[in-house]
Amino acid sequence: MKNGLEDVIAAETQLSDVDGEAGRLIIRGISLDQLVAGSSYEGVAALLLDGLVERSFDETQLREWLAKARTRVFDHIRTADPSLLTLPPVDAMRALIARLPDGEDFDTALALLAAPAVFLPAILRLQCCEQPIEPNASLSQAADILRMLTGNAPSKEQTAALDAYLVTISDHGLNASTFASRVIASTQAGLTSSVLAALSALKGPLHGGAPGPVLDMLDAIGTAENAGQWLGEALDRGERLMGFGHRIYRVRDPRADALKGVLKPLIATGQVDSARGALAEAVEAAALAVLKVRKPNRLLDVNVEFYTALLLEALGFPREAFTGVFAIGRTVGWLAHAREQALEGRLIRPRSVYIGPLPAAA
Ligand code: ACO
């Protein structure tokens with residue numbers, strides 16, 4: 001057996017394919033670069049859910065329903081337990097999502113798509129003693145998230161950047177959180193339960209919890225000249241470099257380059273500090289060089305979390321909220337996989353090998 005289940009095929013899916021040798025991600029037959037160039041978050045959500053829920057719809061219809069669902073779930077903010085506000089944002093978000101009804105139907109799925117987008121900005125504002133801002137049903141999910149976060153209308157470059165981020169991270173094969181979602185779905189527990197399990201898996205630093213620590217690393221390194229030495233010392237201490245390495249990719253994670261591309265218009269229009277971008281590129285280059293020397297037997301390259309960190313910082317999210325923003329984008333993948341698993345109908349129940357002591361009689 002393999003402790004991390006690497007190379008174990010645990011599901012058949014029509015949703016996405018991660019080719020770790022070629023560095024390619026396909027979502028429902030469309031390559032990531034095409035999706036990022038041509039689709040909105042609502043478009044990808046419609047694509048992923050197509051045929052897996054009881055209603056059929058297109059991007060425009062989903063945008064309208066989702067906007068109304070954001071307004072409905074906002075009521076949970078009005079009645080939220082104030083003690084939630086002392087929790088880290090992703091934990092507060094999880095607690096609020098846990099209050100949604102559990103079910104298999106499309107309305108449950110819609111509420112779950114809307115809830116993280118509404119809850120995270122509201123939690124962040126309440127934690128800074130500011131009033132949460134009600135959703136605006138005339139906006140796209142990306143534009144409304146940014147408006148609910150800051151209270152201001154986002155620029156078109158900011159909206160496009162968040163939209164492209166949500167598209168980029170919408171689904172990614174059988175990663176840890178998606179697997180968790182499918183396991184729960186296989187017990188017929190309900191979509192809210194699947195999303196809660198997946199969110200709990202996502203928050204770990206080896207999965208979706210890495211981008212906050214990426215910024216901590218950039219801050220600690222400070223200047224391009226320090227990068228090589230700082231990174232070498234981190235590896236000497238046995239630490240992992242956040243934003244590098246991946247279970248499946250043996251080349252660059254294609255999502256990293258997609259997000260690097262998304263940052264360009266923000267840098268060009270002065271909405272991202274170009275010095276910050278240059279530092280990140282220098283740290284990336286130094287990390288790749290040091291990893292090549294220190295880990296010669298393992299091909300380690302940059303992963304999605306590295307440029308996620310820069311992008312979400314530029315869009316005004318505090319670093320403790322980055323995992324929550326990831327969850328906003330990934331929920332549709334969790335839901336699609338949960339439905340695919342539920343429709344397939346087989347309980348997931350692997351076996352373990354007992355290596356403990358035996359009773360004397362045995
Ligand atoms: N920094 C330093 N060394 C690393 C890193 C890293 N980021 N990633 C892997 N390695 C090393 C390991 O120490 C190990 O070396 P060893 O054989 O000398 O002990 C070797 O590479 C293989 O490591 P594994 O643990 O087998 O790799 P695995 O495929 O399980 O790890 C993971 C994948 C968890 C993502 C890992 O690369 C990591 O910890 N990266 C840093 C955290 C991170 O960026 N997480 C986000 C991932 S993307 C996402 O989930 C959305």
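A salt bridge here is a side-chain nitrogen of Lys or Arg within 4 Å of a carboxyl oxygen of Asp or Glu, and the structure holds 27 of them. The model is predicted: local features need pLDDT of at least 70 and side-chain atom pairs count only at pLDDT 80 or more, while totals for chains, interfaces and linings use all residues. Residues are numbered from 1 along each chain as its sequence is written, and side-chain values use heavy atoms, with hydrogens and water left out.

**View 1. Glutamate 6 and arginine 247 form a salt bridge.** The closest N and O atoms of this pair are 3.5 Å apart. Glutamate 6 belongs to the segment before β1 (16-19) and arginine 247 to the loop between α12 (227-236) and α13 (254-268), so the bridge ties together parts that are 241 residues apart in sequence. Helices (H or I, at least four residues) and strands (E, at least two) are DSSP runs, numbered from the N terminus. Glutamate 6 is partly exposed at 31% relative accessible area, and arginine 247 is partly exposed at 44%. For these labels, buried means under 20% relative accessible area, exposed over 50%, and partly exposed in between (1.4 Å probe, protein chains only).

**View 2. Arginine 339 meets glutamate 104 in a salt bridge.** The N to O distance is 2.9 Å. Look for arginine 339 in helix α16 (residues 322-344) and glutamate 104 in the loop between α5 (89-97) and α6; the two are 235 residues apart. Arginine 339 is buried, with a relative accessible area of 13%, whereas glutamate 104 is partly exposed at 29%.

**View 3. Aspartate 216 pairs with arginine 319 through a salt bridge.** Their side chains meet at 2.8 Å, N to O. Aspartate 216 lies in helix α11 (residues 211-221) and arginine 319 in the loop between α15 (304-314) and α16, so this pair joins parts that are 103 residues apart in sequence. Aspartate 216 is partly exposed at 41% relative accessibility, and arginine 319 is partly exposed at 28%. Elsewhere, salt bridges that share partners join Arg252, Asp257, Lys260, Glu281, Glu284 and Asp301 into one network.

**View 4. Phenylalanine 57 and tryptophan 65 make an edge-to-face ring pair.** Rings of Phe, Tyr and Trp (its six-membered ring) pair if their centres lie within 6.5 Å; planes under 30 degrees apart count as stacked, over 60 as edge-to-face and the rest as tilted. Here the centres are 5.8 Å apart and the planes stand at 70 degrees. Phenylalanine 57 is buried at 16% relative accessible area, and tryptophan 65 is buried at 18%. Ring pairs link Phe57, Trp65 and Phe106 into a cluster. The charged end of arginine 55 sits over the ring of tryptophan 65, 5.1 Å from its centre; such a charge needs NZ of Lys or CZ of Arg within 6 Å of the ring centre and within 35 degrees of the ring normal.

**View 5. Phenylalanine 306 belongs to the largest nonpolar core.** A nonpolar core is a set of buried Ala, Val, Leu, Ile, Met, Phe, Trp, Tyr and Cys residues joined through side-chain atoms within 4.5 Å. Among its 112 residues, Phe119, Leu162, Tyr165, Leu231, Phe306 and Phe317 touch the most other members. Helix α6 (residues 106-127) gives the most to this core, with 15 residues. Leaving aside neighbours within four places in sequence, phenylalanine 306 has contacts (heavy atoms within 4.5 Å) that include Val214, Met242 and Phe244.
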